[in-house]
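Here is a friendly walk through one structure, with an eye on ring geometry, backbone details and helix packing. Please have your viewer ready, and take the sections in any order you like.

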Amino acid sequence: MGNPWLPLGTHPDAEIRLLCLPHAGAGATTYRSWGKGLPDQVRACPVQPPGRERRRREEPFTNVEQLARELAKEIVESVRPPYALFGHSTGALCAFETLRELRRIEAILPVHLFVSGRRAPQVHMPRHDPAAMNLTELANLLRHLGGTPEEVLAAPELLALLQPVLAADFSVNEDYSHTQQPPFDIPVTAFAGADDPGADATLMKPWASHTARKFTLHALPGGHFAIFDHAAVVHARIAEALAQYAPIPGGN
């Protein structure tokens, strides 16, 4: 059966593992091909929350605290340090709260937090309600955000299957209530799409307040899914940030 949370493996023999949390409605396969662009020393470990792909019969979480508690336990039990966390959009918030939970239970922390496509946790989020939308409204919302293939948007039966997990994920992201805690003692790197109206560089810059170490913000051309459109650039920045744990042969 394998590990339901980490269905593509945990790569214990790699020099460092990069746990990748997906955006709303997406699953672990989002990072299957994307992760292949990382250097061999850094292995992507896509995370599979309940309610999607092989876990589609499970109820998806509707609040981030539940997800963080369950994922943190899985990380402690299954993931060999050193490791880092990467989250895109809703996944960025989930990575953030999972890191808080790992700190709360005094577990070994990741060495770095990477976030993209999600405004800082303390910055107000606009509210959507996919559960109350008809399929045309849902398609228009997803088309505005970008990243969903047009063949999915044009297929009502596929949208209907996707709607419950999208509604749960939007609740995780938009019903979140931020509470102040001390900053992390690990570096944070943020990636912002220059044309992402919900998470441009201005909205992502306040992530800096969550680290007592180095904060780096990279602005990418494009919109909400710029990390996929410019994967090679993102991989290079990740490799640089993790170089002390996974030196690249021949690098400076």
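Pro82 is found in the loop between H1 and strand S3 (83-88). Here helices (H or I, at least four residues) and strands (E, at least two) are DSSP runs, numbered from the N terminus. The peptide bond that joins Pro81 and Pro82 is cis, with omega at about 0°. Before going further, please note that this is a predicted model, in which local features need pLDDT of at least 70 and side-chain atom pairs count only at pLDDT 80 or more, while totals for chains, interfaces and linings use all residues. Residues are numbered from 1 along each chain as its sequence is written, and side-chain values use heavy atoms, with hydrogens and water left out.

Two residues other than glycine have a positive phi. In His11, which belongs to the segment before S1, phi is near 45°. In Ser89, located in the loop between S3 and H2, phi is about 60°. Ser89 has a relative accessibility of 9% and so counts as buried (under 20% relative accessible area; exposed is over 50% and partly exposed in between, with a 1.4 Å probe and protein chains only).

## Aromatic pairs

A pair of aromatic rings is described by the distance of the centres and the angle of the planes. The rule used here pairs rings of Phe, Tyr and Trp (its six-membered ring) if their centres lie within 6.5 Å; planes under 30 degrees apart count as stacked, over 60 as edge-to-face and the rest as tilted. The count by this rule is 10 aromatic pairs. One of them is stacked: the ring centres of Trp5 and Phe61 are 6.4 Å apart and the planes are at 20°. Trp5 belongs to the segment before strand S1 (16-21) and Phe61 to the loop between strand S2 (42-46) and helix H1 (64-78), so this pair ties together parts that are 56 residues apart in sequence. Trp5 is buried at 6% relative accessibility, and Phe61 is buried with a relative accessible area of 17%.

Phe96 and Trp207 make an edge-to-face pair, with 5.6 Å from centre to centre and 85° between the planes. Because Phe96 lies in helix H2 (residues 90-104) and Trp207 in the loop between helix H6 (201-204) and strand S6 (215-220), the pair ties together parts that are 111 residues apart in sequence. Phe96 is buried at 0% relative accessibility, and Trp207 is buried at 0% as well.

One aromatic cluster is formed by Tyr31, Trp34, Phe86, Phe191, Phe225 and Phe228.

## How H1 meets H2

Two packed helices are described by the angle between their axes and the distance between the axes. The axes of H1 and H2 are 8 Å apart, at an angle of about 60°; axes are lines fitted to C-alpha atoms, for helices over the stretch in contact, and angles run from 0 to 180 degrees between N-to-C directions. H1 is therefore oblique to H2, given that angles under 35 degrees count as roughly parallel, over 145 as roughly antiparallel, 65 to 115 as roughly perpendicular and the rest as oblique. The crossing of H1 and H2 is right-handed (near helix turned clockwise from the far one by less than a right angle; left-handed if anticlockwise).

Residues in contact (heavy atoms within 4.5 Å) include Ile75 of H1 and Thr98 of H2. Ile75 is buried at 2% relative accessibility, and Thr98 is buried at 0%. Leaving aside residues up to four places away in sequence, Ile75 touches Leu19, Tyr83, Leu85, Thr98 and Leu102, whereas Thr98 touches Leu67, Ala68, Leu71, Ala72 and Ile75.

## How H2 meets H5

The axes of H2 and helix H5 (residues 156-174) come within 9 Å and cross at roughly 55°. H2 and H5 are therefore oblique to each other, and their crossing is left-handed. Thr90, Leu93 and Cys94 of H2 meet Asp169, Val172 and Asn173 of H5.
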